[in-house]
Amino acid sequence: MEVHFAPDLQAKIDQLVIETGYTPDKLVEDAMAGYVAELAATREMLNSRYDDLKSGRAKPISRDELVAHFREKSAAARRMQQPGE
């Protein structure tokens, strides 16, 4: 298989080849193996969560609940960063 990359990505690959001593084929193969494994794990997790929703083991939350949760989380983080009074 032959793969062509944009010049800037090819330059990064070439630099990694120099730094690691891997051949370009081995470097790209390792990167793709990691990507495929991560993609499979993500798909498995999403399928599991969908099954949890379908079975009732997990409860969906509304957009408003999600926004409120992250606003509170951000506010709490900001409070933790402020110097003590």
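This is a predicted model: local features need pLDDT of at least 70, side-chain atom pairs count only at pLDDT 80 or more; totals for chains, interfaces and linings use all residues.
Close-up 1. Just past helix 2 comes G56, which takes a positive phi of about 90°.

**Close-up 2. Where helix 1 meets helix 2.** A pair of packed helices is described by the angle between their axes plus the distance between those axes. Here, helix 1 and helix 2 pack at about 105°, and their axes are 9 Å apart. That angle falls in the 65 to 115 degree range, so helix 1 and helix 2 count as roughly perpendicular to each other. On the helix 1 side, the contact is made by I13, L16, V17 and T20, while helix 2 brings P24, L27 and V28. Sorted by class, this contact between helix 1 and helix 2 has six nonpolar residues, one polar and no charged ones.

**Close-up 3. The largest pocket and what lines it.** This pocket holds about 400 Å³ of space. Its lining comes to 15 residues, with F5, I13, P24, V28 and E29 lying nearest the centre. Helix 1 (7–20) and helix 2 (24–55) each put in at least two lining residues, but helix 2 gives the most, with seven.

Conventions. Residues are numbered from 1 along each chain as its sequence is written. Side-chain values use heavy atoms; hydrogens and water are left out. On a 1 Å grid over the protein atoms alone, a cavity is a set of points where a 1.4 Å probe fits but cannot get out, and a pocket is an open set with protein on both sides within 12 Å along at least five of seven lines; lining residues have an atom within 4 Å of a point. Grid points are joined across faces, edges and corners, and a volume is the space filled by probe spheres set on the points. Helices (H or I, at least four residues) and strands (E, at least two) are DSSP runs, numbered from the N terminus. Axes are lines fitted to C-alpha atoms, for helices over the stretch in contact, and angles run from 0 to 180 degrees between N-to-C directions. Angles under 35 degrees count as roughly parallel, over 145 as roughly antiparallel, 65 to 115 as roughly perpendicular and the rest as oblique. Contact means heavy atoms within 4.5 Å. Ala, Val, Leu, Ile, Met, Phe, Trp, Tyr, Cys and Pro count as nonpolar, Asp, Glu, Lys and Arg as charged, and the others, Gly among them, as polar.
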